[in-house]
Amino acid sequence: MKSKSLITAFLLFYSIQFFGQVYTDKVIGEKNQQLKDSLKEVNYPYALPIWGEKVAKKGYNLPYSAGLSVNYFWQDSDITISNLEVGFNNGPMYNLDEIVRFDKCSVEANSVTIRPDIWLLPFLNIYGIFGKAATSTKINAGIWVPDADNNWSQVAQFGTKANFNATTFGFGMTPTIGIGGGWLALDMNMAWTDISSLDKPAFSYIFGPRLGKTFKLHKPERNIALWVGAFRVHIAGDTNGNIALSDVIDLDNAQAKVDAGLTKVSDNQTKVDNWWNGLTPTQQANPVNVTKHNTATQALEKAGTFLTTLDGALSTAGNSSVQYSLQKAPKDMWNFLIGTQFQYNKHIMFRLETGFLGSRTQVLAGLQYRFGL
């Protein structure tokens, strides 16, 4: 049987979302009595938020009711993959969970996003998300098969990196409360990321609690905020897609890798057959030996069939495609956040936030402009 080559590819996009921090603040303290009194006396001039005038007259300092943010976001995150099925040129799909093992899978993303928002209620902000992203998925994995003693060894190794562009759209809300410059925000949003190689947009849900303190500076309306928090991401597990084979493999090396892999598969199958044929009828009837023989034979057959099919795809690699189905998940759902925001005045704010710990690292930088509505 002619030896074949091994490679498989699939795309994942890891969700990226954004956060902006302004809030309705309860004015307290004797040194702020003048501001508190002025809020009660001045008529609130805007339609939003609902009940804005009533809340202002109770001594709450409201931000401008509408805003527009521009954000840059970078993220590098490890992911896990399971229930992997792969096919070529719209042919049969092969479940590879038993024989494919992943060493490291990660997604890196760079995104620019526009985020319009309004204060619907004094303590509830709602917003939209519209963005463009450039992403890169890195996969390192190998094909493993057992021998006659049920010892598994790697018969082929591959790595691939796929670059692609994506469009993100979604919406979110942030309930907040602020008292004397201290505040709590519970940011949450849902988004869909559209990538040409996926059958449908990928769904993600983000939850980001943050606890912070705003410190006034000498000039009126100027302040700096500091916060700590957390970032939790959930992404829809099911991913199905289609991509050109030539986009994700090194065609110069693929054939040699599969040739070597199938040679090892053939050698292991010979060892399993020799071991089985050398057993007595009583030993072959032993359930332990039956399980070892069936496990090894099925895994070797699956690896051989997959590699053989791949060889056919490589023979016309320029026109071949890969179909895939899998379950994906972040390696760690939570990571830690710290951030700061400089408010030049109530119209203009600059923001910087970073996330770390666990298997995810991220940085967000943003500019926000607010106005009354």
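Author: Strands here are DSSP runs of E with at least two residues, and helices are runs of H or I with at least four, both numbered from the N terminus. This is a predicted model, in which local features need pLDDT of at least 70, side-chain atom pairs count only at pLDDT 80 or more, and totals for chains, interfaces and linings use all residues. Residues are numbered from 1 along each chain as its sequence is written, and side-chain values use heavy atoms, with hydrogens and water left out.

Start with the count. The whole structure holds 5 salt bridges. The term means a side-chain nitrogen of Lys or Arg within 4 Å of a carboxyl oxygen of Asp or Glu. Side chains of opposite charge can pair when their charged atoms come close.

One of the bridges joins D117 and R370, at 2.9 Å from N to O. D117 is in strand β5, and R370 is in strand β15 (residues 360-371). The two are 253 residues apart, so this bridge links distant parts of the chain. Cover is next. Buried means under 20% relative accessible area, exposed means over 50%, and partly exposed lies in between (1.4 Å probe, protein chains only). D117 has 4% relative accessibility, so it counts as buried. R370 is buried too, at 0%. Salt bridges with shared partners join R115, D117 and R370 into one network.

Strand β5 (residues 100-121) also carries K104. K104 pairs with D78, with the closest N and O atoms 2.9 Å apart. D78 lies in strand β3 (residues 66-88), so the pair ties together parts that are 26 residues apart in sequence. K104 is partly exposed at 43%. D78 is buried at 15%.

E98 and K302 form another bridge, at 3.7 Å from N to O. E98 sits in the loop between β4 (94-95) and β5, while K302 belongs to helix α5 (residues 287-315). The pair therefore ties together parts that are 204 residues apart in sequence. E98 is partly exposed at 33%, and K302 is partly exposed at 26%.

Now a charged side chain in another strand. R210 lies in strand β9 (residues 202-216). Its relative accessibility is 3%, so R210 counts as buried. A polar atom of the R210 side chain lies 2.9 Å from the backbone oxygen of G208.

I177 is found in strand β7. At 36% relative accessible area, I177 is partly exposed.

Notes:
Polar contact = N/O pair within 3.5 Å; in protein donor to acceptor, adjacent residues only side chain to side chain.
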